[in-house]
Number of protein chains: 2
Amino acid sequence: MTIDTRHPREIRADIRRGALTGVTAGLGEGYVQANLAVLPKEQAYDFLLFCQRNPRPCPVIEVTDVGSPEPAGVAPGADLRTDLPRYRIYKDGALADEVTDITPYWRDDLVAFLLGCSFTFEWALLEAGIPLWHIAHGKNVAMWRTSIACRPAGRFHGPMVVSMRPIPSELVPRAVTVSARFPNAHGAPVHVGDPAAIGVRELDRPDYGDAQPVGPRDVPVFWACGVTPQAVALASRPPFMITHSPGHMFITDLPNSALSVL
Amino acid sequence: MTIDTRHPREIRADIRRGALTGVTAGLGEGYVQANLAVLPKEQAYDFLLFCQRNPRPCPVIEVTDVGSPEPAGVAPGADLRTDLPRYRIYKDGALADEVTDITPYWRDDLVAFLLGCSFTFEWALLEAGIPLWHIAHGKNVAMWRTSIACRPAGRFHGPMVVSMRPIPSELVPRAVTVSARFPNAHGAPVHVGDPAAIGVRELDRPDYGDAQPVGPRDVPVFWACGVTPQAVALASRPPFMITHSPGHMFITDLPNSALSVL
């Protein structure tokens, strides 16, 4: 993984002019990256309420003013229409287009939501000396739909999606406390141990991402996952929705440490 | 202060039938108490967004479904129309009535917000051995409007209101870390030390509550205060709004520890 240590402002400028179009892992090292969900104002209240009721999978770090593409609270001057490398356009819940600039799709009634992402707590886990197999091997983390129901809000309802990381058993307490300090990046695990208890049947067959080995000294540790809000929103078939493409996140001006509550 | 250790469900039943009409300090010991703000759906999105953008003064712990008086997430079966001891009714931002039952005022388009309250972190401070003068002396905490602007959302904008507790200097770090564990009850202090830096001119003349002595070994420590969202909402003169009367809070079924992130 190539590491780009420039300030996010410079990296976003490269993305805006089309010089960077790939995934954002390794870019803006040390800065918070965020999931994007854009919905018309008509659906925005229910979506914001859904996030408020399900803060583990849906930690809101920014909501733009109606019609404004500027995330003024986390990256003043940025433009969410151009500053992500790749976007997905959904119509009636179905993928309609994949683009590198959503300016042609922007409307005066749109609201953009930025949701915290696992990159932040993974950085904290690595800093704390906890090995992460999927990062060491350049893979995507393994994810599953669970039997844990999110609390519904208006039109939005559905199961929680989780990611799993195998953690050596003696490091499990440290992994819990370190991630708990970042409630706006999914926070503490939602489950430790028996996968079946949350409806995960086969640890070697994830619903999304790549399978990873779980050694005899490892405990499977499950965190709420940012795939949840997108999956839930799309399942309700909103007439119009824009998201980032998987892995192509928005890089904020917030250092990871800014999300720590302790 | 009389301590009532029954389960909140029993205490709320007494409040509902009019047997308890006073302030809720000391009731439901160990359980989270909450500030109430009720607004029509038309203002609910802006208010929820205001809270999301200003989580220190406005920690949202529950939002009811439109028209429903049941806070299903924090007290299933409770009724917010009857289960608080006293309410204030505001019309066009002016106090219109003070009642013990808002059933006659309830409407199908109302949304109730419950916001975290300082009782929770004060309990944690006391447990950690930090003396709180206003509690020891049966007074209200001292509060001020500050020069810290809240981040606006739609029609809502205004200054942050803070409460101040004099903390012996050697206990300041402990007071910070203990309260930081409760982001949904105002979390860590927003300011430690020089009152003038946040626009507080006279420590012996609070804008709300009771003055308290600051000893030579004490540091003034300021926390964001739940008076903020009510003050901000009322300043925008909403056509209709209901709040709890000061000190007459809603007692949830959540133990204080449920709000701790670590």
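## How the two copies meet

Two residues count as being in contact if their C-beta atoms, placed from the backbone, lie within 7 Å. Keep in mind that this is a predicted model. With that definition, 17 residues of chain A touch 17 residues of chain B. Three elements of chain A each give two or more residues to this side: helix H2 (41-53), strand E2 (60-63) and helix H5. Of these, H2(A) provides the largest share, with six residues. Sorted by class, the side of chain A that touches chain B has ten nonpolar, four polar and three charged residues.

Do the copies use matching or unlike surfaces? Of the interface residues of chain A, 100% are also interface residues in chain B, so the copies meet through the same surface.

## A two-fold arrangement

Chain A can be superposed on chain B by a rotation of 180°, with 0.0 Å of shift along the axis and an RMSD of 0.0 Å. The two copies are thus related as by a two-fold rotation axis.

Which residue of chain A comes closest to the rotation axis? That is Tyr45(A), whose C-alpha is at 2.7 Å.

## A pair of helices in chain A

Two packed helices are described by the angle between their axes and the distance between the axes. In chain A, helix H3 (residues 118-127) packs against helix H5 (residues 172-180) at about 135°, and their axes are 9 Å apart.

On the H3(A) side, the contact is made by Phe121(A), Ala124(A) and Leu125(A), while H5(A) contributes Ala175(A), Val178(A) and Ser179(A). By class, five of the residues in this contact are nonpolar, one is polar and none is charged.

## A sheet in chain B

Now turn to chain B, where four strands form an open sheet in the order E6-E7-E9-E8, with antiparallel pairing. Its edge strands are E6 (142-149) and E8 (191-192) of chain B, each of which pairs on one side only. Strand E7 (residues 159-168) of chain B runs antiparallel to strand E9 (residues 218-224) of chain B, and seven bridges join them. Within this pair, Met164(B) stands opposite Phe222(B) of E9(B).

Helix H6 (residues 227-235) of chain B packs on the sheet and touches E6, E7 and E9 of chain B. The direction of H6(B) makes about 160° with that of E7(B).

Notes: Residues are numbered from 1 along each chain as its sequence is written. Chains are lettered from A and ligands numbered from 1 in the order in which they are written. This is a predicted model: local features need pLDDT of at least 70, side-chain atom pairs count only at pLDDT 80 or more; totals for chains, interfaces and linings use all residues. Two strands pair if DSSP finds at least two bridges between them. Axes are lines fitted to C-alpha atoms, for helices over the stretch in contact, and angles run from 0 to 180 degrees between N-to-C directions. Ala, Val, Leu, Ile, Met, Phe, Trp, Tyr, Cys and Pro count as nonpolar, Asp, Glu, Lys and Arg as charged, and the others, Gly among them, as polar. Copies are superposed by least squares on the C-alpha atoms of residues with pLDDT of at least 70 in both.
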